[in-house]
Amino acid sequence: MDTDAALASRLARDLEAGFPDLVEGHRDRLFTIALRLLGDRRDAEEVAQDALVRAFRAMQGYQPERTAALRLRPWLASIAVNLARNRRRRADDRLPPSQLEPMLATGFDLAQDGRSGPAQRADRLETQRELATALLALRPSVRAAIVLRHVDGLSVTETAEALGRPEGTIKAQVHRGLRELRAMLESEPAPPLTTTAPKRAERLRPALEAIR
Amino acid sequence: MTISTLTDAVLERALRELRATAPASVGSGALVATGLADRYARIDTALGRAFVAWNGRGVSWVGQAPDADTFESRFRAEVGRNITAAEALPARLADAIRRRLAGDRRVRIPLDLRGHTPFEVAVWMKALEIPRGEVRPYGWVAAEIGRPRAVRAVGTALAHNPVPLVVPCHRVVRSDGLIGQYSMGGPDAKRRVLVSEGLDTGWLEAEAARGIRFTGSDTTHIVCNPTCRDARRVTPRHRVTFPSLAAAASAGYRPCKHCRPVSLAA
């Protein structure tokens with residue numbers, strides 16, 4: 001697998017020959033970005049595919065020098081974020097918020113994790129579900145910053161580039177996002193599942209610590 | 001005051017764990033949409049089951065094969081792209097093809113004809129203008145696309161039509177009136193398709209064997225290709241036949257504006 005810079009110059013030379021490698025290298029992260037921004041797997045599938053197609057069409061219209069100079073990771077992320085934003089606007093009109101939560105269940109793949117026992121896997125799944133739910137409760141601009149910076153793993157500079165905001169703003173939004181996530185995860189779960197439910201943070205901590 | 005139990009480092013690690021794997025359809029869907037890979041499904045035609053391949057640019061291939069594996073390997077060898085089976089054609093495309101095969105020439109079907117020459121594409125687009133139930137000679141196509149001497153090349157282009165039936169290359173016949181070759185199963189298959197479209201091929205071939213190339217009406221003094229719908233409305237009492245357009249012209253007949261008959265090389 002070549003670096004993104006090498007891939008960009010291959011795309012500039014022969015878009016059709018290089019594009020399958022771009023798909024291979026970026027589809028999971030574009031799907032992840034869309035899934036964590038929207039919370040719905042079907043929507044995320046469509047956004048990820050659409051982002052790849054739009055990237056292809058954009059590069060078809062670019063001069064080779066422009067394609068070669070693309071920083072693919074932030075560029076593709078920005079396309080996915082914009083598509084997810086448009087979709088959420090439409091979704092906001094039709095979906096009451098209560099319908100978001102059941103859809104989250106489909107975001108995880110238990111079978112993929114072979115590193116721990118069934119009980120720990122279930123714990124971990126529960127933790128991831130709560131974290132994913134908490135992410136969706138963040139305001140969209142903060143959520144996008146957190147998803148790009150910490151789920152996708154872009155640098156602050158790349159996140160700023162993808163979202164078209166100053167680096168200082170990104171840093172502040174990421175800081176704020178982490179603080180709000182922590183507050184949500186440490187709060188009492190409502191409604192409590194059992195009368196003896198421990199504080200969420202106490203329940204979550206072992207599972208979160210187990211993630212390496 | 002409680003001490004926060006979730007440090008930034010713990011949260012950041014947990015966020016990284018939210019990475020997910022895209023379903024395979026994301027990648028394959030993007031490649032199909034951009035025309036870098038294709039899907040296929042079966043359709044019913046006058047020649048029985050056939051396979052149709054398509055991508056985001058349009059229909060790319062129509063063909064018969066004993067089974068799906070054979071179709072896939074032929075497609076990969078001929079077209080050079082990957083192809084995967086689909087449950088069915090997209091509804092709009094299925095509807096458009098059904099209407100096209102039923103003779104509706106207004107229905108638009110996007111075609112992916114990348115990799116073919118402008119001459120080939122011109123030949124195929126001209127074949128699309130021939131109405132269902134009618135035929136035209138190779139020489140007519142050659143003249144209509146402004147290459148009157150390229151009759152043989154027209155035949156070769158038609159033989160290479162990647163989307164038979166959708167582009168009705170079967171409606172182009174030999175200039176001597178014989179049915180001629182057909183890429184989807186030879187002259188017999190070509191006859192079957194033409195018959196399914198309402199053309200009496202036995203009658204057409206018998207006329208051709210008698211040297212008839214054009215027919216006209218002695219009331220209108222217009223001369224047509226024998227299968228032109230205007231020519232077929234002429235009653236037997238008023239129907240006249242010609243071995244050549246020159247013979248029709250010297251008898252005072254002018255060419256039909258619908259089927260535009262042209263002089264054919266012997």
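Predicted model: local features only at pLDDT ≥ 70, side-chain atom pairs only at ≥ 80, totals over all residues.
**From a strand pair to a chain contact**

In strand 3 of chain B, B:W61 is the bridge partner of B:A53.

Strand 2 and strand 3 (residues 58-63) of chain B run antiparallel and are paired over five bridges. Two residues lie between strand 2 and strand 3 of chain B, and the two strands form a hairpin.

Strand 2 of chain B also has a partner in strand 1. Seven bridges join strand 1 (residues 37-45) of chain B to strand 2 (residues 48-55) of chain B, again in the antiparallel sense. Here B:I43 stands opposite B:A50 of strand 2. Strand 1 and strand 2 of chain B form a hairpin, with two residues between them.

Now move to chain A. The axes of helix 9 (residues 156-163) and helix 10 (residues 167-186) of chain A come within 9 Å and cross at roughly 105 degrees. Helix 9 of chain A is therefore roughly perpendicular to helix 10 of chain A. Helix 9 brings A:V156, A:T157, A:T159, A:A160 and A:L163 to the contact, while helix 10 brings A:E167, A:I170 and A:K171. Four of these residues are nonpolar, two are polar and two are charged.

Finally, look at where the chains meet. In chain A, 37 residues are in contact with 27 residues of chain B. Several helices of chain A give two or more residues to this side, including helix 3 (41-61), helix 7 (118-137) and helix 10. Helix 2 of chain A gives the most, with eleven residues. The side of chain A that touches chain B divides into 19 nonpolar, seven polar and eleven charged residues.

Conventions: Residues numbered from 1 in each chain as written. Chains lettered and ligands numbered in written order. Axes fitted to C-alpha atoms, helices over the stretch in contact; angles between N-to-C directions. Helix = DSSP H or I, 4+ residues; strand = E, 2+ residues; numbered from the N terminus. Parallel < 35°, antiparallel > 145°, perpendicular 65-115°, else oblique. Contact = placed C-beta atoms within 7 Å. Nonpolar A, V, L, I, M, F, W, Y, C, P; charged D, E, K, R; others polar. Pairing = 2+ DSSP bridges.
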